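Have the model open while you read.

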Amino acid sequence: MLDLDRIRNDPDELRQMLKSRFVDTLEADSLLLKDALRRDLAAKSLAGKARRNRMSQQIGELKQNGVYGEEVLVITSEMRSLGSEIAAMDMDIAELDDKLEAFLLSAPNYPHASVPVGKSDRDDEEVYHFGERHGAAREAKPFWNIGSELKLLDFDGIPESGNIQSAVYRGLGAKLMRAVYDFIVDTHIQAGCRKLTLPYPAISDEKHEGEPLSGQDQSIADLYRERMLEDDDLPIRRCAVSAGFHPDSSTDESMELLTICRPGDSYAELTQMAEQTHKALQLLTLSGRVMLRCTGRMPLCAAKTFGLEVWMPGSGHYVNLAEYSNCEAYLARRLDIRCREPETGETQLCHTLLGSGIAVHRTVAAILETHYHEDGSVSVPDCLQPYMHTDRIR
């Protein structure tokens, strides 16, 4: 949610932001007109109410002095007419408030100065890569061929679709998927995240128009709605696990990350969030890269987003595994999540960060393609062997 005071202080900044996020800047002009009208009506309503109070007081004084005639009737009639005008203005103000709030909730966040302006993945910037760039397995094959040959995956008769989320896991394939999932969750916990398991009822269907949150992101953050967080509470790092959060995914369970911190710590937390997953992929002996998303590819709530992509040697391209966004005060403003400024003790909005968590299906696909051997087997990365109880899938 945007800050209306910031918009009033620098409307040109809003126009430039909307332009960089490829939103029609006419929306800014419309907002400013509505805000000016709303403030004008509020001033008139306030003045009208003050005048009505004076008139009411005048009537009382007249009656105390025994005056009940024409003079009182005239003032009473004027009061009623003024009351109707005030009621109409207050209705207009309420309507304008709804429109202003709708814009503030749906408009994108201001991007960080380091974020490149652009619309497509070609406009993203590589921050760094890890592992062997464009590395290939000994005999590169796409994961659907490997999975089918080893009887790990079934694709319901359409393996050429290449969509691992449509696969049915069986045998060691199911075991590998669970091993990756448990390993990633354990990695987040070891890095200081507290695991939450959220039931279906915790997912809210309520969603503001244009709001870029998944149901799970919303429910995690809602746990801290209208909270004043003390020094001992921060930073809050959570790894949430639940079923059915993503309607476009066949994943039985998914992971989402949430961090709430002081404003001055949020960009260090963003780097740490991305590094945490990067290290997990290194332990899985996978190659990949961290990308800085351009303005047109960030979630609307984000001020800066890192995308973590893994190299698929059998398919010959990168795929997105996870994204991590610093939303700064955007979400905390809507949810009223606050903390105290350490030096002055004044209250301030916290910063929130959201992470999508690693896409387990795609990680499994990358493992199959990266660790495939000419004899048709797949090596199990060392970090997964305690979960799998084997070092090779044959």
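1. Let's start with Phe-143, which is buried, as its relative accessible area is 5%; buried means under 20% relative accessible area, exposed over 50%, and partly exposed in between, with a 1.4 Å probe and protein chains only. Trp-144 is partly exposed, at 21%. Before going on, a word on the ground rules: this is a predicted model, where local features need pLDDT of at least 70, side-chain atom pairs count only at pLDDT 80 or more, and totals for chains, interfaces and linings use all residues. Residues are numbered from 1 along each chain as its sequence is written, and side-chain values use heavy atoms, with hydrogens and water left out.

2. How many aromatic pairs are there? The count comes to 3, taking rings of Phe, Tyr and Trp (its six-membered ring) as paired if their centres lie within 6.5 Å, with planes under 30 degrees apart called stacked, over 60 edge-to-face and the rest tilted. One of them joins Phe-143 and Trp-144: the ring centres are 5.1 Å apart and the planes are at 85°, so this is an edge-to-face pair. Trp-311 and Tyr-318 are edge-to-face too, because their planes are at 65°, with centres 4.9 Å apart. Both Trp-311 and Tyr-318 are buried.

3. Tyr-318 also has a charge over its ring: the charged end of Arg-289 sits 3.9 Å from the ring centre. The rule here is NZ of Lys or CZ of Arg within 6 Å of the ring centre and within 35 degrees of the ring normal. Arg-6 does likewise with Tyr-110, lying over the ring face at 3.7 Å from the centre.

4. Now the cysteines. The disulfide count is 0, where a disulfide is a pair of cysteine sulfur atoms within 2.5 Å. Cys-239 counts as buried, at 0% relative accessibility. Cys-327 is in no disulfide either, and its nearest cysteine sulfur, in Cys-301, is 3.6 Å away. Cys-327 is buried as well, with a relative accessible area of 0%.

5. Last, where is Thr-259 found? Thr-259 is in strand E7, residues 254-261 (strands are DSSP runs of E, at least two residues, numbered from the N terminus). Thr-259 is buried at 4%. Beyond neighbours within four places in sequence, its contacts include Glu-269, Met-273 and His-351, contact meaning heavy atoms within 4.5 Å. Gly-355 is 96 residues from Thr-259 in sequence, yet the C-alpha to C-alpha distance is 8.6 Å.

Technical notes
Helix = DSSP H or I, 4+ residues; strand = E, 2+ residues; numbered from the N terminus.
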